[in-house]
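My entries follow, in the order I looked things up.

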Amino acid sequence: MYIELLILIQIEMSPKYGYEIKKEIQKDLGYLTDVNHNMLYPTLRRFTEHGLITKKINAQDGKPNQYVYEITEVGKRKIADLINDFSEKDAKHQIDFLIRVSLFGRISQENQLRILNMRKKDLEALLKDLKIREDESVDDLYRNEVLRISISQVNGEILWINELIQKVVL
């Protein structure tokens, strides 16, 4: 899941406490995703249990202790695994795809192309389905407008992916 990847990358950049991780993800990707405590803290606990990160207590006078999280070597390897772990199911979710693309500098050209082509294949199937729906003559102005903008957005993303593929192979 992309949230795990985002959390590990924030900790890899520098040791952070929970609220700081959330704040940095929101600053970078707030328009795409929301990180809540029910996602963040169970994930941090699981990462600690699996040795991906360590947790150190930062004692504060008159305030509750803060826990500072730091990545381990195992955690650094897990980042590459999470970026490369992109399935057909993930290809259906734009945010999973966009986060992987933003991290392409960390993975091989082969995996970059695999991810781009998986997303493109999914979008082409979606486009076909949308066009079938568009061809069904339904006299509903707003439904038709939603289909029209959806087709335009999918076509735009396919064009963008084609441009990325060209950049990757050069």
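How many positive and negative side chains does the chain have, and how far apart do the centres of the two sets lie? I got 26 positive and 27 negative side chains, with the two centres 5 Å apart. For this, Lys and Arg count as positive and Asp and Glu as negative, while His and the chain ends are not counted. Each charge is placed at NZ of Lys, CZ of Arg, CG of Asp or CD of Glu.

**Ground rules.** I am working on a predicted model, where local features need pLDDT of at least 70 and side-chain atom pairs count only at pLDDT 80 or more, while totals for chains, interfaces and linings use all residues. Residues are numbered from 1 along each chain as its sequence is written, and side-chain values use heavy atoms, with hydrogens and water left out.

**Overall layout.** I find eight helices and three strands in the chain. These are DSSP runs numbered from the N terminus: helices are H or I with at least four residues, strands are E with at least two. From the N terminus on, the order is α-β-α-α-β-β-α-α-α-α-α. The radius of gyration (over C-alpha atoms) is 20 Å, well over the 15 Å that the globule rule (2.2 Å times the number of residues to the power 0.38) gives for 170 residues, so the chain is more spread out than a compact globule. Along the principal axes, the C-alpha atoms fill a box of roughly 70 × 40 × 25 Å.

**Surface.** Of the 170 residues, 38% count as buried. Buried means under 20% relative accessible area, exposed over 50%, and partly exposed in between (1.4 Å probe, protein chains only).

**Core.** Next I went for the largest nonpolar core, which has 46 residues; I7 and L116 touch the most other members. Such a core is a set of buried Ala, Val, Leu, Ile, Met, Phe, Trp, Tyr and Cys residues joined through side-chain atoms within 4.5 Å. Elements that each supply at least two residues include α1 (2–13), β3 (66–71), α7 (109–135) and α8 (141–169). Leaving aside neighbours within four places in sequence, I7 is in contact (heavy atoms within 4.5 Å) with I21, I25, L40, T43, L44 and F47.

**I53.** This residue is in strand β2 (residues 53–58). I53 counts as buried because its relative accessibility is 2%. Beyond four places in sequence, its contacts include L8, I11, L44, F47 and Y69. I53 and L8 are 45 residues apart in sequence, but their C-alpha atoms are 8.2 Å apart.

**V35.** Here I was in the loop between α2 (18–29) and α3 (37–49). V35 is a loop residue, and at 0% relative accessibility it counts as buried. Its contacts, not counting residues up to four places away, are I3, K22, I25, Q26 and L40. From V35 to K22 I count 13 residues in sequence and 6.1 Å in space, C-alpha to C-alpha.

**D96.** My last stop was helix α6, where D96 lies. D96 is buried, with a relative accessible area of 7%. With residues up to four places away set aside, D96 touches M1, Y2, F86 and D90.
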